[in-house]
Structure formats: structure tokens, C-alpha cells
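Thanks for coming. I have one structure to go through today, so please look at it first.

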Amino acid sequence: MAVDWVMFGAEHFTENHAHHFMEGVMMPGGMDFDPRASIPATDVGFTRFLLNFFCHTLLPAVRKNMTLNLDRQRYSISSRSQLNEQLGRLLCHLLSAVHVTPVRAAVLRQLWSTDDSRYILNSVLNSTLKKTLGSRLVLTILHLHRHVSRPHPHTRGRDPDLGNLLGDLFDLVCRSGSTRLKAGTELSSLAAHDPQREAGDSTRDSKKRHKFETNLEDMRNLDQRWQERYEYDIRGFALKQKTTYSKLVEKARERQQVVDRSSESVSTHIFGLQSQLRKSFLEQMSKASVTERDNLRQWRRVILLNTHLRALWSKDECRTMCWQLDPTEGPGRVRRRMMRAPLTIHSRHILTGSGRHSEDETTLHTDKTMSPLSFIFDNTAYSGTEGIFNKVVPQKGEDINHLYNWKCSNISPDNCCRGHLILSNMRCYFVGDEPLGDPNITKVLPSDEEVALLSWQHSEVVEIHRRRYMLKDDALEIFLISGKTMLLSFESTAARNTVHATLLQLDLPNMVDSGESESEKLKSVTHSWQQGEITNFEYLMELNKLAGRTFNDLMQYPVFPFILADYHSSELDLRKPESFRKFRVPISVQDESRAKKYLDTYKFLANERRASAAPGLSSISDKPYHYGSHYSNSGIVLHFLVRLPPFTEMFLAFQGGSFDIADRTFRKLETTWWLSSSESATDVKELVPEFFFLPEFLANSERFNFGECQTGERVDHVILPPWAKDDRRLFVLKHRQALESDFVSRNLHEWIDLVFGFKQTGKAAVQAINVFHPATYYGADGIDIDSVTDPTQQAAMRAMVKTYGQMPLQLFRDPHPPRSKNSILTSFRIRIGSALRWLSAAPPTQRTPSLYFWMHVSSVKARIPLSGSECDFIGTPGSPDLVFAHDQSLERVPERISVVGGGELIVTGLQTAYFPSSSPATAGVLVVWGTWDNSLVLRSTACESTAVRLHSHPLNKVTCCECVRSGQMIVSGGSAGTISFWTISNTPSGLSYTGKAVHLRGHDGPINCMMACKPFGIVVTGSADHTCIIWDTNRLSYVNTLGSHEGPVSVVATSPTLGDIASVCTALSRPSRTSTTANRSSEEQLFYLRVWTINGHLVRRVSSKVQIKCLQYSSAPEGVYINVLAGGLANGNINLWSSWDLSLIREVPCPLPTSYPVLSIGISSLSKELYAGYSNRQLVAWVKPRHEFREEQDFEHLGLEPYFSMSKRL
């Protein structure tokens, strides 16, 4: 490579650089030249170095008698041929005609000055280049002999004159045999022969002259071929040099990339360490901030628990609160409860004189409603910019280092909050990117607007359903055991499916039918309805759930049909078909004469579509339809619920900050029916579920100013039909009974075909006059927002979807089967969370009720069979008197009777209570109190040998106890007026205390009694301070006070179907003014029985001269039956009152020879048996003889009065 570079890459040497060949002595160890010299001078130095290198390297090989290093000699001998060839090539190049004469002379001097140069030249001349090199040497010698006559001034060492040097060199070439010249030829003789001069010399021998010319011509031809080869090699070297340079550049680039990557890796590592340190520091700061936030929230909760209306530091004047709907769902997904919340409506929307106006403030906002002790947090503002994972405060044993995380949005009726769904090994979290400020989210505090985190345990999940949102199949709805629901919308259908599959893989012990498909659930629930195992209301709610209807989205709000057509009669006769709507046709064509108008509209739009159709063009509304609006959308829902916060605020936002025109406001049921069924061409609305269970939405309780009609009449409460007697509760009860009537049961399947069935789409929908605007449909029959690329049109389509309404999921492709004609309710349901489970009732002959008696502290059981299993519903008029079935003496006083599914009784004694399991994931709990250390002793039926003790305060002696949250919480009341909530872990393997307890104060005296309403998540306590208080078991907070009692409250009871509350208080009868002092001293006691709605509205009060010792509600399905309130009296009798209006239905006399007070009452789930425990330790059971029911028979109360008897009784 070095020789090639000298031959083809270096610049040609000039006469000015010839002296460089003789400067200094080149040592074999390296080259020495001036770095300041020019490039040609540097090339000369490198060339001189190569000559010396080859000479010194070849010397050991040509002179074997030299004493040299053995390794060097071996190397020289083994590389002799390669060294000879490369030295020959180099000399041929340096002695060629491309270089000037002084350069060639300098090369010869340098070569000849080398030690043993003869041996070296002789070795080279005997190599493969001997002819070329020999010819080149001869020509150079002849050329120099003619032009050079003096020695070079820069020679060193052995430096003969040039003539002698050329002669010796010529002699060496001739002797080597590399040319045709014979040994001994004289240089002078050849140099003296000038071909031109001797051309005419005839004295010379012509033969010798010819031979000389021939040799000279051969050498010239050889030199010419060398020159041609040299030019060829120059081109090859240039190409090779270019290729080599490219390879070197590429290799340099690769090395540069390696260096760059290494540098980048080092930099990244350093930056990563810096970032990690910075992140660690920020995480510590953020966690400190989150901990501070959590502490502040806990302090706020402590303050809230101590500043409510019945707390120690209550201050009513600082509050501007209203009652709004609680989103917690009860049995059958009904939402009956109301909750306190700040009023955020401008004062101009409230009637004057309502007490909500302020002289200084014209607008009522949450931030202006300062709670007591709020000054504590004036300087504790914090930022909400922490990372989503740092907002999660891990629980004990929770691993938050390996979390699943998905982007999603939390959908509520008035808000769409973006955030993340996070799953840990114990809990699920939704972390919002902004505060969750909507009323449908159960916040830590009702007034805490900064909450951006929701969490729930895996064990709380009971159902997970796929949902649509904005006509996109990308949402999930999660149902919790507490009755809360959450609608989460994800970025895509694939992301939603991934989340759904991940959730189903978690350990969800309370999950209902997790392995059952939607079609199997639909088939099962339809079969149950056909057989009469569930009510019409329950079936419609289940269909709404399976069809994707949810309370969390106003566009997909559950839809119910108009039931009645009679809104003008003074009495409602449910036996007349004329009292009902036509279920086979939509609400808009109840008057069949209106059908032509909608058919003409459809035909006109179809013709317009065909006339304006153009290839490649389509419109949002290019499909024909009968109705331009929908039967259920956000406007319709808000129209009906405008009087009920928080829907009032939503209505104002929907209407741009003001109420609607008074004449268009929902004010009269008859008018609404008239507009939807016969008058209005655009009003085709159906009903919302609240018409069948929530009377509060019909009342303007918050005194909103809806304006005046053109007639001058002010819009206030909803005007009810005459048959409702101006009683909103009675209207809802009768309306529910109408839904369960025989006529509706026979025809409801036709309405289901219109809304959920095969008449929803296709030709069947066209024939049924049931086609709505395309913007309300999903899939091929509707619109696809994602397929539209124009932003303006896409925004318009989104606005249409938000306002037009959305079709439910089509559940049935074939006609819906009707209900069985002879079906009766033969099973009952158990609610777990928001799910329904049906347990078939075994025939009476196969059921043997048994008695469980739990002794005080101990857990000894004694099974006692009861006779008279052949029974029917209690209270059948065919036999006015109940049949005494059995009595049994007990070892302890029966203070409490629990009727468990399967016909088993559990009777407990004094200061003992048993709470049966409500789900397979929990076990039954036995609670004992009144111990020496004032503790509660808990035992599980799964592991009776292990006891858990909950220690109460010594000054708060436990007086009563309940179990809520599916056996996961114990509630106790004490003599200090404090109610305590103890969180436990209840599994089939046993009980344990989690260490969490909340103590609430509201009573001024001892708590005498307590009753939990588990389906609606409340606990009611009665106290000696003449009050009852409702407590929320989900939020563990105060709800409301039931006052106006004349004396201490001794007994409370709750309805598991309506949520109603019954209370008994004791009061002295007021003596007359004319009575004497002696008469006044003998005043008699009166006992008052009151029934309140779950929201604290008094239904009725009745008095009794005999003390009411206990109360118990029956639990037959509402609408199908009228439940009773059974009361045990001190004289041994049992009174049965109607749960509707406290009218006395029947008195059951004491069957014992001697009257003893009734201490406890139990009613079976099917209301077939009545049990009573007396103070003389007797347990008595009543049943009813079996008989055949007749279709037209008029039944009485206690689950016996059917729907058609209401017209005669009420």
C-alpha cells in the first residue's frame, strides 16, 4: 500500500526536492523529517524511508553470514520475494522518465550509498521484475552518463563520483542477466555510440550496429510498455484509493456512531440519575402534599361530623342548603333517598318569601356557604398538579408499584371528567384530571369541590356492564354493593374490552353472574317475568340495564311507558281497559287518526331522498323517519325532574340560565298525557322511572320560581289527577300498582317490542310507525361520527347526539313472548348491591321451618320443628281469623326474631342479635353486648370458636346493635347518644376487625332503639331526647332528624321495600282544665305511632292506649301487594296496619291463656307465616289454611290485596 501510494498518490518530485534524498542518515527505526516542510518534501522523506526500510530488511536475507537477531533474519528470509518485488516496483517508478534527472540521480546515489547495496540490487534484479528493472536501470544510466558529469554535493558515507557509480552499477546490471547486454560490456563504449552520428559511419560493422539498435529499441519499447502500465496502474490506484477511502470513511463513521452512542448512553445515564434524583425529590414533595391533602380532608370530615344540624357545634344560619336526589340506588335500582347539598342557584329563580334570599348576596354559591370552623383552613390551599399515581394514598397491604392504568372519562349527568382508571391488588381508583364537581359523584364531603379521586374495593363490585357513550361502543358501567354506579368512557372499543377483561380477572367475591353472557341474562330474566317471579317494574328496570340505559347519562336515561290514560276520574278503576294506554302502538298514535300525519311525513322524506340523491353524497338526516324527536332525551328527563335538585341546575344550564316558559313547564299530568298522545306533533315523550317510586320530584319543595302561565296561574307543584287526592305519595303508589295490574301484564310485551324489540328498526318499525331521527340510532341505521372528517359537520353531529336522544340496545329480534296468564308471584328476591337474585320457593309440603335459639353469650343451637306447614298467605278474607300453628317454650326471652330464607327462624335473647349472611362472600354474624368491659363480642357462623371484641367507650354503654354493608360493618348505639360504625372483615373463613371506627353524635339522650334499612343504606336511631335520626351507612354521616315526638322514642322499624320509617313514642295524655289534682296525678300514657317517608316527610300519626312493644314490616313486592306494619302490643295482641296510610287492617288476639307482652315479631319473606315472641319465653306461629285462589276474589292487606282492589279501598 505504501509503494502504491508513492507510485500513484504522491506528487511528482521536482529538481528543488532532489536534495532531500541525501539529507541525513535514515535509521531503520523510523523516519525523521521536518513537519514544517512542504508536501513534496514530506513525500520525498517518506520515499527515502521506504528505500532504507527495504534495504535494511533485505540485508539479512542476502547476507546470511551476518550476525543478526534470529527473529529478524527469519522474517527477512520468509518475506524476501515480497520485499524484492516491492523494492523493484519502487525503483522502477523512481527511475522512470516521469521524474526529472536530478531526482533519478539522487535515488541512485541514495541506493548506492547503502551498505551492501550490491547484494541488495543483485537480489532485486533476480526477482520477477528483473527485465523491467534492468532495462530501466540501463536507460537511466545511459541518460545520466550523458547529462551528469559531476558528483552530487549532498552525498554522505561512501560517495564515489557519478561516473564511477554509473559504471559500477552498469557492470552489476550486465552481470545479473536482466538484459541482453553481456557481462563485461563497457559503459563508455555504449555511451560513445550515438545512433545519429554513427548512422553514416561505414567503418563500423553493420551487424554490431544493428544489434545495438535492436537492443536499444527493445529497451525503449519496454519503457513505453512500462509507461502505459504505469498510467493504467495510476487509474487503478485512484479507484482503489477511492474505494479504500470510502471504506475508511465508513469505518470512521461507524466508529463515530459508536462513540456518539457511547456518549449518548453516558449522557442519558447521567441525565437519568439526575432525573431520578429530581423525580424522587418531587415525589417526596408530592407525597407530602398528598398526605397533607388527605389529612386536611380527614379534618374536614371530622369538622363536618361535628357541625351537622344535630352535632355539638351546629350553626344553622351559616348554611344555604337544599335537598337533592342521592345517586345511591336501592332495590330494583330505585333512587328514593334525598341528601343535603349546597344550593347553587341564583336568587332570582327562587320565590320571594321562601327564606332563601339574602340582602347582601344575590347569588348563592358553594364558596359563599361557609361551614362552621372553616376558618381553620384559610391558609391551607394546595395545588392539584400532582401526578396521578401520587394522588393515590395506599392502604395497608396495598401494592401500588404494579398498577394498571388506562385513560378514561367519568360520565355523570352534568359533567364529563377526564382522568385515569388505576387498578391495584386491592382497590380500583379513578383519578380525575380536574375536580369532580358533579352531584352524581359520591364525594368525601358534600361541600368538598377539590376531590379528584374515587376509590372502591374489589369486593364492592357486583356487576360490570358494557355501555355506549355518544353512540360509540367504548364505555363500562360498574355497579357497587353500596348502590353507587360509575360510567367510564374509554378511548376506544379495544381499550374498553381490555379493561373489561382485566376487571373480570380480579378477585371479585360479590360479583353476580360473572360468567353469564348478556344473552343468557336476558333469557333468564325474561323467563322469570313470564312465570311471574318478578314484577313488571323489576323487569323493565332489568331491560333498561341490559339495553344500556343508565342514570349517569341523561341521553340514555331509563325509559318507562305511559301506563294510564285516565287522568280525570275521581276514582281509578284498574279493571277497565279504558283506563290504560294502547301498548301496541307508540305514544304518539294513541289517537289512531294521527297516524296518517306521521305516515305522510315518512313518505315525503323518502321521496325527497330519492329526488335529491347524488352519487357519493350523503347527509346526516338523509333517511326518512316518522318523528324528528325522541321519546327520551336530556330535555325530556330535565323537563320531568326540573323541581328536583340537582336536575334543576342542569335544566338551567340546558336552557341558558333560565327556566322555560311557564306554559311549557311540566305542571299537570293530564296536560302532559294530552300533548304526548293526541295534540302535539313533536312531543312523543315517554316517562321516567321516578313516576313509580319517587313522589318528591312532583313537589316544588325548594320554592323555585317557574313563573306564571298566560291564565295568571303560578307554576308550583305538579297538579295530580283527581284520583290521587292531591297526595303525591298516594299517586306514586297507585301508579306503581297500575304498572303491576293484570291489563299491563298482558300487554306490556307489545310496548317492549317497540322500544327494546324487533319493532325498533327495519320494516317492522316502519309498519309500526316507530321510526325516529337517524341521529338517535347506533350502527348501520344511524350515524358514525368518526367517519366524518369535516370538523364543523362532526361538531354538529355531536351536538345532535347530545340533544336528540339515543335508542336503547335492541334486545329482541323476534316478537316478545307474553306473560303467562295464570302466573302468580312464587318466589322472592334478595338484593345484593344493585343486582337481583331469584330463589324459587319450595312447595309448602317440602318446607319444614325450624327454630334457631342463640343463648346469651354462648352459641348453643336448638332446632325445633314447627307444625302446620300447609299454609297460604296471611290475611285471606276467606278465613278472617289466623290459625294458631305452634307455640314453644324457650330458655331465654325472645327479644329478636330473624326469618331466614328456607323457612328457618333465628331467635335471640336479651342484648344479643344475629344477622344472617346476605351473600356467599360473607358469613352470618352473632353480636353480643352488655359485657362487663362494655365491648361487643362478634362471632361468625363459619368459625364460632373465634370471637372478635370491639371496645366501646366506658361512658357510652352499648344499648342496641345492627349489621350493615352486607355484614362488613357493625353499628352500635350507646347511652351517651353516640352511634358508632365499626368496619370489619367478614369472609366465609371468619371475622376480623380492620381497626376503622367512626363515632357520630346527634342525640342529646341515650339511644333506645335502632333499625337498619339495608336496601337503602340507612340506619335509624330512636332516643330518649324525643327524636329519631337517619344516618347514612355509605358516607357514615348524618342525614335528617325526625322530630315532633311527644316523648322518648322506644321502637323504630324500616320498610325494606319503600324505605319508610315507623317510630313509637310515649307521652302522657293532657288532662282537661276542669280535672282535679287527683285526676291529674292519674294521667294515662298514650303511645303514638308515626310513619315517615325515607326523606323525613310525615305520612300519618295514630295513637294507642296500649304500649307498642315492637314493630315489623312485611316485604312483599310493591305494586303487586300492599305490605303491612305489624305491631306487638303489651296486652299480647298484634295489630296489622296498612303501610300506605296506617289504617288498621286486623287485630290478632293473643293465643296464650294469659296475656303477655309481645317482645318481637317476625314475618316470612313470602308473608305466609307470622311469628311472635312473648315475655314469658313463648314463641308462637300463625299460618293460614291452604285454599284455591279465585281470579276475581277481593283480598286484603299483608301481601294479599291485588291491584284491582285499589279502586274500591282508596
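Patches here are made of residues with over 30% relative accessible area and no salt bridge, with like charges joined within 9 Å and nonpolar side chains (Val, Leu, Ile, Met, Phe, Trp, Tyr) joined within 5 Å. Accessible areas come from the Shrake-Rupley method with a 1.4 Å probe, and for residues only the protein chains shown count as cover. A salt bridge is a side-chain nitrogen of Lys or Arg within 4 Å of a carboxyl oxygen of Asp or Glu.

This is a predicted model: local features need pLDDT of at least 70, side-chain atom pairs count only at pLDDT 80 or more, and totals for chains, interfaces and linings use all residues. Residues are numbered from 1 along each chain as its sequence is written, and side-chain values use heavy atoms, leaving out hydrogens and water.

Val 266, Ile 270 and Phe 271 make a nonpolar surface patch of about 300 Å². Val 266 is partly exposed, at 47% relative accessible area (buried is under 20%, exposed over 50%, partly exposed in between; 1.4 Å probe, protein chains only).

Next, helix 13, residues 536-546. Helices are DSSP runs of H or I, at least four residues, and strands are runs of E, at least two, numbered from the N terminus. Eleven of the eleven residues of helix 13 are buried, so the rest of the structure largely encloses it. Within helix 13, Glu 542 and Lys 545 sit three residues apart, about one turn, and their side chains form a salt bridge at 3.6 Å, N to O.

Arg 896 and Glu 962 also meet in a salt bridge, at 2.9 Å. That pair links strand 14 to strand 20, 66 residues apart.
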